[in-house]
Amino acid sequence: MTHRRTRPTAPVRRRLRRALAVLAAPVLMLAPLVAPAAVASADVGPAPEESSTTVQWGFRPADTAQGTDRPNFAYSLAPGGSVQDAVVVTNHGDEPLALGVYAADGFLTDDGTLDLLPTGEESTVLGSWIVLAQPEIEVPPQESVEVPFTLTVPDDATPGDYAAGVVSSLVVAADDGVTTDRRLGSRVHLRVQGELAPALAVEDVRLEYDGTLNPFAAGTATMSFTVRNEGNTRVAPATSVRVTGPFGLAGGGATVDVPELLPGSSVERTVVVDGVRPLVRLDGTLTVGGEVVPVPGTVPDPEVVVPGVTASASAWAVPWAALGLVVVVVTLVVWRVRARRRARAAQQRAVDAAVAAALAEREAAGVTAGDGDPRPGA
């Protein structure tokens, strides 16, 4: 039998295309809203097939008395101190470019990357200590504009590390009413001089074990935890995990990639240790250390060290397949022993019954012989 594939007619195809366009429109409108704003120190190059709303500009630290060819801004100042610096904004396009320029506090995202407060949210620390000479600029095509700024540390600022960013912003309003804020900027790291007290802490340490159906095969141990920076300095943590069975048997370990932590920030991490035997009870040990991130142009103080922190957690690693096999074997053995006992008991009862029957028959036969018929002629 031959089947023919029918194709939709032209009116039906047109209705299908219109329906798909209606369904896709909300998705396309939401895309600019969920896209994260970029914060970088590198220039943005021209994009292929650029649309009418696509712009290209660069943003970098200016070459000043504070340094040249810098990837970002970094300072060490005493409370009440001040520094002057500048940024350079370059227009790579063919039309004049109007941008907003401002500073914003930095924070650590859940995945451990540095981000800045969104436009309109007020900064309370380093971002509020930076004042730009021009909050708005217009950059001619294929030219650059230098924007000076001043960073002034309050007299009562607490010693330690702070993070922020100087940002250029372009707000683009599409024809459908969707507004997109495109940002490009450079990080600003500041260390307020004074007593430095680095400190790390670990929280919510958990250990889980995942075995296999093979009772003799190794499984995986998973440790989850949170590392928090409770000191006043930036810290680059060094973290490791080790999982062992009773008496330290069948140990396995792994290192954990934990990003640089700002004061007061924290990150959650999960590490999987392979090749762990199911030894009924497992112990996991988390060791966290690290180093204070130095400020460029300063000499690190050898006495400022990050105290090491350890934490532990335990988990059951029962070889359920092997335990089930043992239970089955034991059950079969007990059943077999009891079956044999019942068989022997039944056999003994049969023997006893046979013996009793034989004795009863013999006794009955003797009685019959003693009470026989009288002999003839007697």
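The largest nonpolar core holds 33 residues, and Tyr-75, Leu-126, Leu-151, Val-166 and Leu-190 touch the most other members. Strand β9, covering residues 160-173, gives the most to this core, with five residues. The model is predicted.

**The cores**

- Val-166 is among the core residues that touch the most other members.
- Leaving aside neighbours within four places in sequence, Val-166 is in contact with Phe-59, Val-87, Val-101, Tyr-102, Ala-103, Ile-130, Leu-132, Phe-149, Leu-184, Gly-185, Ser-186 and Val-188.
- A second, separate core has 29 residues, including Phe-225, Val-273, Val-292 and Ala-317.

**Asp-105, a buried charge**

- Asp-105 sits in strand β4, which runs over residues 97-108.
- Asp-105 is buried, yet it has no salt bridge.
- Which side chain of opposite charge is nearest to Asp-105? It is Arg-183, and it is 11 Å away.
- A salt bridge needs a side-chain nitrogen of Lys or Arg within 4 Å of a carboxyl oxygen of Asp or Glu.
- The side chain of Asp-105 does reach the backbone nitrogen of Thr-124, at 2.7 Å.
- A polar atom of the Asp-105 side chain also lies 3.4 Å from the backbone nitrogen of Leu-126.
- Leu-126 itself is one of the residues in the largest core that touch the most other members.

- Is Ala-104 buried or exposed? Its relative accessible area is 2%. The limit for buried is under 20%, so Ala-104 counts as buried.
- Not counting residues up to four places away in sequence, Ala-104 touches Leu-116, Leu-117, Ser-123, Gly-127, Ala-164 and Gly-165.
- Ala-104 and Asp-115 are eleven residues apart in sequence. In space they are 9.6 Å apart, C-alpha to C-alpha.

**The whole chain**

- The chain has three helices and 17 strands.
- Of its 378 residues, 33% are buried.
- Take the contacts between residues at least 6 apart in sequence: 72% of them join residues at least 24 apart.
- The chain exposes about 23300 Å², and carbon and sulfur atoms supply 56% of that area.

Terms used. Residues are numbered from 1 along each chain as its sequence is written. This is a predicted model: local features need pLDDT of at least 70, side-chain atom pairs count only at pLDDT 80 or more; totals for chains, interfaces and linings use all residues. Side-chain values use heavy atoms; hydrogens and water are left out. A nonpolar core is a set of buried Ala, Val, Leu, Ile, Met, Phe, Trp, Tyr and Cys residues joined through side-chain atoms within 4.5 Å. Buried means under 20% relative accessible area, exposed over 50%, partly exposed in between (1.4 Å probe, protein chains only). Helices (H or I, at least four residues) and strands (E, at least two) are DSSP runs, numbered from the N terminus. Contact means heavy atoms within 4.5 Å. Lys and Arg count as positive and Asp and Glu as negative; His and the chain ends are not counted. A polar contact is a pair of N or O atoms within 3.5 Å; within protein, one must be able to donate a hydrogen and the other to accept it, and residues adjacent in sequence count only if both atoms are side-chain atoms. Accessible areas come from the Shrake-Rupley method with a 1.4 Å probe; for residues, only the protein chains shown count as cover.
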